[in-house]
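This briefing is meant to be read with the sequence and the three-dimensional view open side by side. The points below are grouped by topic, so that each can be checked in the viewer.

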Amino acid sequence: MDREAVASHIPRLRRYARALVGDRHRADDLVQDTLERALTKLHLWRPGSDMRAWLFAIMHNLYVNQARARRSGIASLEDIAEPPAPGGAVDRLEIRDLQAALAAIPAEQRAVVLLVGLEEMSYAEAARALGVPIGTVMSRLARGRERLRQLLASGAGAAPSLKVVK
Amino acid sequence: MSAKVSETDLHAYVDGALDEAHRREVEAHLAASPEDAERVRAWQEQLAQMRASFNPVLDEPLPDRLHAAISRRRFPYALAASFLVAGIAVGWLGKGVLAPEARAPAASLSKRAAVAHAVYAPEVRHPVEVGAGEQDHLVKWLSKRLGEELKAPVLSREGFELVGGRLLPGETGPVAQFMYQDARGQRLTLYVSRANANRDTAFRFSQEERVSVFYWVDGRLGYALSAELPREELLAVATAVYRQLNP
């Protein structure tokens with residue numbers, strides 16, 4: 001049963017990973033690692049507790065460790081791969097700008113911006129998933145959103161390749 | 001920014017995390033502060049863009065590897081591979097070589113059933129072709145294809161509910177597979193094929209890697225019940241199946 005519960009979160013884990021990592025295959029790698037880790041640790045999950053936060057926490061830890069291992073830690077333009085199939089009104093360039101901007105902000109800010117914005121977690125839930133105090137979530141959210149705003153504002157109409165410099 | 005409205009409040013406003021009274025305060029503040037109003041508008045646009053860009057991921061079909069990662073056990077590739085090799089060895093392509101030794105068909109029955117179980121039981125989205133909701137149609141359809149009147153045993157007393165069934169290619173013709181599941185998500189499958197030798201057999205047990213199989217021939221049909229369960233537990237279910245098919 002718990003296994004089915006884990007399975008029901010896969011689409012959201014994928015959405016988050018795609019936005020976090022950029023590249024579709026690397027994002028699914030991260031989801032796969034997360035599922036495998038979650039299943040081996042399933043006996044540690046307390047029934048009744050928040051499974052979504054638990055799964056996102058596992059994914060976050062894996063992501064941080066992998067990014068650390070890769071050491072470069074910074075997305076190159078090549079890493080900001082193909083956007084997801086456009087869902088109607090969003091035009092490709094806009095996606096590219098948003099992805100480029102997301103890739104250009106620090107990962108810890110990106111994670112908060114996405115958990116709150118995309119996953120629609122409360123600040124408390126995001127804090128649990130990331131293992132940081134709520135105040136930290138708030139400050140990362142504020143900095144992340146401001147930075148994104150500036151990037152998107154300055155990037156409007158410009159070649160996105162110029163924006164991914166850190 | 002007014003003393004009452006903080007940066008945090010502005011974000012909470014964007015995230016819909018404020019109560020009514022707070023929300024009104026922030027709105028009043030925004031009306032008086034074009035600069036903050038512009039920032040809030042930009043954040044809202046960010047959110048809309050982000051959702052429009054990434055929400056389509058929710059509807060993408062899952063890649064097989066993620067299905068596999070979540071399925072109850074790792075797929076026993078070794079079992080499937082050994083079956084494939086055996087199939088080729090006995091002349092799967094050459095045919096006719098399987099013209100059986102009295103025991104051989106029953107033995108291969110258990111093996112085929114175990115492979116079919118291993119293939120379909122871990123499926124999350126498409127475990128069956130026809131669901132239990134259309135049970136009458138399912139049983140009629142499979143009966144027609146096998147040319148024998150089939151029954152889907154009721155195993156609620158044993159804790160299993162019918163998930164549905166599918167048609168599979170067997171050695172000499174169509175095979176029916178019924179799938180059941182208990183409250184823990186443990187699945188078992190009943191594999192029913194036409195027996196080529198019209199000779200009843202007793203229950204036989206076979207362990208194919210993690211899959212336990214009880215199989216028997218009853219009249220014109222061969223049955224194999226497979227699950228990743230200990231032998232005794234599976235025997236209890238097999239007995240119930242046998243009794244229902246022979247009231």
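A residue is called buried here if 20 or more other C-beta atoms lie within 10 Å of its own, exposed if 12 or fewer, and partly exposed in between.

**Overall make-up of the two chains**

- Chain A contains eight helices and zero strands, and its pattern along the sequence reads α-α-α-α-α-α-α-α.
- Chain B, in turn, has a secondary structure of eight helices and seven strands.
- In chain A, 41% of the 166 residues count as buried, while in chain B this holds for 32% of the 247 residues.
- When contacts between residues at least 6 apart in sequence are considered, 66% of those in chain A join residues at least 24 apart, and the corresponding share in chain B is 59%.

**Where the chains meet**

- The contact between the chains involves 37 residues of chain A and 31 residues of chain B.
- On the chain A side, at least two residues each are supplied by helix H1 (2-8), helix H2 (10-21), helix H3 (24-40), helix H5 (92-104), helix H6 (107-117) and helix H8 (134-155).
- Sorted by class, the side of chain A that touches chain B is made up of 22 nonpolar, four polar and eleven charged residues.

**Nonpolar cores**

- The largest nonpolar core has 50 residues, of which Ala17(A), Val112(A), Leu115(A) and Ala126(A) touch the most other members.
- H2(A) gives the largest share of this core, namely seven residues.
- Because domain 1 (7-57) and domain 2 (65-245) of chain B both give residues to this core, it lies between them.
- Another core, of 40 residues, lies apart from it and includes Ala113(B), Leu155(B), Phe214(B) and Leu234(B).
- Leaving aside residues up to four places away in sequence, Ala17(A) touches Ala27(A), Leu30(A), Val31(A) and Met59(A).

**Strand E7 of chain B and its partners**

- Strand E4 (residues 187-194) of chain B is joined to E7(B) by seven bridges, and the two run antiparallel; within this pairing, Val192(B) has Tyr223(B) as its bridge partner in E7(B).
- Strand E6 (residues 211-218) of chain B is likewise joined to E7(B) by seven bridges in an antiparallel arrangement, where Ser212(B) has Ala227(B) as its bridge partner in E7(B).
- The hairpin of E6(B) and E7(B) has two residues between the strands, and Gly219(B) in this hairpin takes a positive phi near 65 degrees.

**Ser206(B) in strand E5**

- Ser206(B) is placed in strand E5 (residues 204-208) of chain B, and it counts as partly exposed because it has 18 C-beta neighbours inside 10 Å.
- Not counting residues up to four places away in sequence, Ser206(B) touches Ser110(B), Val213(B) and Tyr215(B).
- Although Ser206(B) and Ser226(B) are 20 residues apart in sequence, their C-alpha atoms are 9.4 Å apart in space.

- Most residues other than glycine have a negative phi, which is the background for the next two points.
- Glu120(A), found in the loop between H6 and helix H7 (123-130) of chain A, has a positive phi near 55 degrees; with 14 other C-beta atoms within 10 Å, Glu120(A) is partly exposed.
- Glu209(B), in the loop between E5 and E6 of chain B, has a positive phi of about 50 degrees although it is not a glycine; its 15 C-beta neighbours inside 10 Å make Glu209(B) partly exposed.

**Confidence in chain A**

- The average pLDDT of chain A is 80, and 76% of the residues score at least 70.
- Over residues 73-90 of chain A the pLDDT stays under 50, and the model has 40 contacts beyond four places in sequence for this stretch.
- Residues 156-166 of chain A also stay under 50 in pLDDT, with 17 contacts beyond four places in sequence in the model.
- Where pLDDT is low, the predicted coordinates should not be read in detail.

Note on methods. Residues are numbered from 1 along each chain as its sequence is written. Chains are lettered from A and ligands numbered from 1 in the order in which they are written. This is a predicted model: local features need pLDDT of at least 70, side-chain atom pairs count only at pLDDT 80 or more; totals for chains, interfaces and linings use all residues. Two residues are in contact if their C-beta atoms, placed from the backbone, lie within 7 Å. Helices (H or I, at least four residues) and strands (E, at least two) are DSSP runs, numbered from the N terminus. Ala, Val, Leu, Ile, Met, Phe, Trp, Tyr, Cys and Pro count as nonpolar, Asp, Glu, Lys and Arg as charged, and the others, Gly among them, as polar. A nonpolar core is a set of buried Ala, Val, Leu, Ile, Met, Phe, Trp, Tyr and Cys residues joined through C-beta atoms within 7 Å. Domain bounds come from an automatic or database domain assignment. Two strands pair if DSSP finds at least two bridges between them. pLDDT is the predictor's confidence in each residue, from 0 to 100.
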